[in-house]
Amino acid sequence: MRHYPAGVTVVTLGADHGPVGFTATSFASLSLEPPLVSFNIAHTSSSIAALREAGSVVIHFLGEHQHHLAHRFSRTAADRFTDRSLWTPLDTGEPVLHGTPIWLRATVHQLIDIGDHTIAIALVTRVHDETHESPSAAPLLYYNGRYHRPTVLDT
């Protein structure tokens with residue numbers, strides 16, 4: 001599947017032992033009414049147990065200027081939240097990454113184990129969008145093992 005581009009998100013959540021987060025390139029919008037979204041997480045992920053216990057998550061849609069965050073949250077779990085200048089907790093406990101143009105807060109609606117992954121379906125309860133009519137950054141894409149930015153094609 002590495003030859004199909006995907007938008008890059010970071011999913012964060014609050015847990016008893018502290019903040020948890022991971023990079024996910026499997027985000028999808030499922031339904032407008034009710035507003036449902038989904039993402040996948042591997043059964044081998046260090047974040048799967050916390051997600052199974054979580055009531056809610058924040059899904060960050062990364063911009064091209066945030067490839068360092070995508071990389072950070074796809075590596076060692078212990079290092080993901082060590083830099084406190086990168087995030088702030090919401091009043092509901094989930095960490096929000098600074099500088100993210102769009103993020104969603106969502107309650108975990110359903111977890112479905114399938115193959116070697118779990119599909120998380122979440123109900124959107126809050127949308128934070130600072131893009132206005134003209135986004136400040138292009139979305140971050142993942143393609144063929146590397147991060148990319150989209151380019152506009154002339155029509």
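This is a predicted model: local features need pLDDT of at least 70, side-chain atom pairs count only at pLDDT 80 or more; totals for chains, interfaces and linings use all residues.
**View 1. An open, antiparallel sheet of three strands.** The strands run in the order β1-β11-β12. At the edges stand β1 (6–7) and β12 (146–148); each has a single partner strand, so one side of each is left without a neighbour in the sheet. Look for the two bridges that pair β1 with β11 (residues 141–143) in the antiparallel sense.

The remaining views turn to the salt bridges, three in count.

**View 2. The salt bridge between Asp 113 and Arg 52.** Here the side chains meet at 2.9 Å, N to O. Asp 113 belongs to strand β9 (residues 102–114) and Arg 52 to helix α1 (residues 48–53), so this pair links distant parts of the chain, 61 residues apart. Both partners are partly exposed: Asp 113 has a relative accessible area of 47%, and Arg 52 has 38% relative accessibility.

**View 3. Glu 64 in a salt bridge with Arg 149.** Their closest N and O atoms are 2.2 Å apart. Because Glu 64 sits in the loop between β6 (56–61) and α2 (67–72) while Arg 149 is in the segment after β12, the pair ties together parts 85 residues apart in sequence. Glu 64 is partly exposed at 23% relative accessibility, whereas Arg 149, at 57%, counts as exposed.

**View 4. A salt bridge joining Glu 94 and Arg 105.** The N to O distance is 2.9 Å. Glu 94 lies in the loop between β7 (87–89) and β8 (95–97), and Arg 105 in strand β9, so parts eleven residues apart in sequence are tied together. Both Glu 94 and Arg 105 are buried.

Terms used: Residues are numbered from 1 along each chain as its sequence is written. Side-chain values use heavy atoms; hydrogens and water are left out. Two strands pair if DSSP finds at least two bridges between them. Helices (H or I, at least four residues) and strands (E, at least two) are DSSP runs, numbered from the N terminus. A salt bridge is a side-chain nitrogen of Lys or Arg within 4 Å of a carboxyl oxygen of Asp or Glu. Buried means under 20% relative accessible area, exposed over 50%, partly exposed in between (1.4 Å probe, protein chains only).
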